[in-house]
Amino acid sequence: MVGAIRLTKGTLFGVGFAPFLWLAAPPAYVGPAACLPCHRPQAESVGPHPHEGSFARLAKEGSGAIAACVICHVTGFGQPGGWLDPVATPELARVGCEACHGPGGAHAADPDATPLSPPTAETCRRCHTVEQDSRFDFDAMKRTIHPLPESPAP
Ligand code: HEC
Ligand code: HEC
Ligand code: HEC
Ligand code: HEC
């Protein structure tokens with residue numbers, strides 16, 4: 001076992017190629033500022049939505065470090081490259097773009113190579129559970145988030 005590990009470490013992949021890949025790979029979650037240059041209508045309209053203040057409100061009432069609450073009030077909780085805490089990942093301290101569209105680092109670096117998909121009702125239901133939000137209505141509520149092709153800004 002030890003011999004095998006030593007051998008791997010000594011190969012080109014172990015010391016040369018892998019660190020190069022790591023440097024080249026964009027971070028998984030990048031926060032809304034990274035989307036602004038190419039999606040200005042969406043990025044400029046999300047500010048007033050309750051999603052934007054979802055973590056700030058928790059923190060203000062003293063629940064900002066309770067994982068069982070934070071999980072639905074930030075972006076990428078428990079995901080690789082996602083939410084850590086308000087100091088390490090301030091850009092994720094909200095229900096941001098990537099809470100609905102998924103991690104966007106690779107897409108922002110090369111949109112054509114890595115497309116993102118529009119979310120479905122199931123995406124929202126991860127947080128808007130029946131227990132949490134029995135009145136949730138995807139078709140009506142998705143129009144509150146940002147301008148969509150079929151409906152102008154709310
Ligand atoms: C460098 C410009 C650029 C950046 C930065 C960028 N995008 Fe995009 N995005 C595009 C382009 C171009 C398309 C359309 C290409 C396509 O459909 O494959 C697109 C498509 C999308 C779509 C799919 C729309 C649809 O209905 O198919 C979503 C969702 C999206 N982007 C979200 C984001 C998010 C979230 C971020 C920030 C994390 C982001 N984008 C950053 C250029 C960008
Ligand atoms: C990561 C968890 C999460 C996801 C995913 C999510 N939301 Fe939310 N949403 C929240 C939280 C938390 C609030 C409450 C924010 C506050 O008031 O502090 C909220 C509030 C809202 C509100 C305003 C309050 C209300 O119930 O009327 C609407 C509308 C809404 N979300 C719609 C959606 C829709 C539509 C989707 C999917 C396209 C979605 N949300 C996805 C967590 C989420
Ligand atoms: C399963 C996901 C989920 C969890 C876990 C969760 N929330 Fe929320 N929270 C939501 C959603 C979705 C909304 C918006 C819909 C609504 O108002 O019910 C919301 C809304 C809120 C609001 C603003 C609306 C209001 O009622 O004033 C506060 C404050 C809040 N949550 C605090 C908490 C606290 C504190 C905890 C932990 C005890 C917690 N949440 C755990 C999803 C969640
Ligand atoms: C609460 C969930 C949610 C958040 C947060 C969110 N979006 Fe969306 N986004 C959606 C939904 C829902 C659609 C439309 C899905 C459909 O067509 O049914 C959409 C569609 C899009 C599209 C495609 C629009 C088109 O013209 O085809 C882009 C681009 C996009 N979002 C970018 C963003 C960016 C950038 C942010 C952050 C500034 C963001 N979104 C934040 C839920 C969200």
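P27 touches G81 and G105, leaving aside residues up to four places away in sequence. In this predicted model, the residue sits in the loop that runs between α2 (12-24) and α3 (40-43).

**P27 and its contacts**
- Although P27 and G81 are separated by 54 residues in sequence, their C-alpha atoms are 6.6 Å apart in space.
- P27 counts as partly exposed because 17 other C-beta atoms lie within 10 Å, a number between the limits of 12 or fewer for an exposed residue and 20 or more for a buried one.

**The shell around ligand 1**
- Ligand 1 is surrounded by 17 residues, of which the closest are C35, C38, C97, G104 and P111.
- Two helices, α6 (97-101) and α7 (105-109), each contribute at least two residues to the shell around ligand 1, and the largest share, three residues, comes from α6.
- Sorted by class, the shell around ligand 1 contains 11 nonpolar, four polar and two charged residues.

**The shell around ligand 3**
- Around ligand 3 there are 14 residues, and the closest of them are S63, C69, C72, H128 and D133.
- The elements that give two or more residues to the shell around ligand 3 are α4 (54-60) and α5 (67-70).
- In terms of residue class, the shell around ligand 3 is made up of seven nonpolar, five polar and two charged residues.

Terms used: Residues are numbered from 1 along each chain as its sequence is written. Chains are lettered from A and ligands numbered from 1 in the order in which they are written. This is a predicted model: local features need pLDDT of at least 70, side-chain atom pairs count only at pLDDT 80 or more; totals for chains, interfaces and linings use all residues. A residue is near a molecule or strand if its C-beta atom, placed from the backbone, lies within 6 Å of it. Helices (H or I, at least four residues) and strands (E, at least two) are DSSP runs, numbered from the N terminus. Ala, Val, Leu, Ile, Met, Phe, Trp, Tyr, Cys and Pro count as nonpolar, Asp, Glu, Lys and Arg as charged, and the others, Gly among them, as polar. Two residues are in contact if their C-beta atoms, placed from the backbone, lie within 7 Å.
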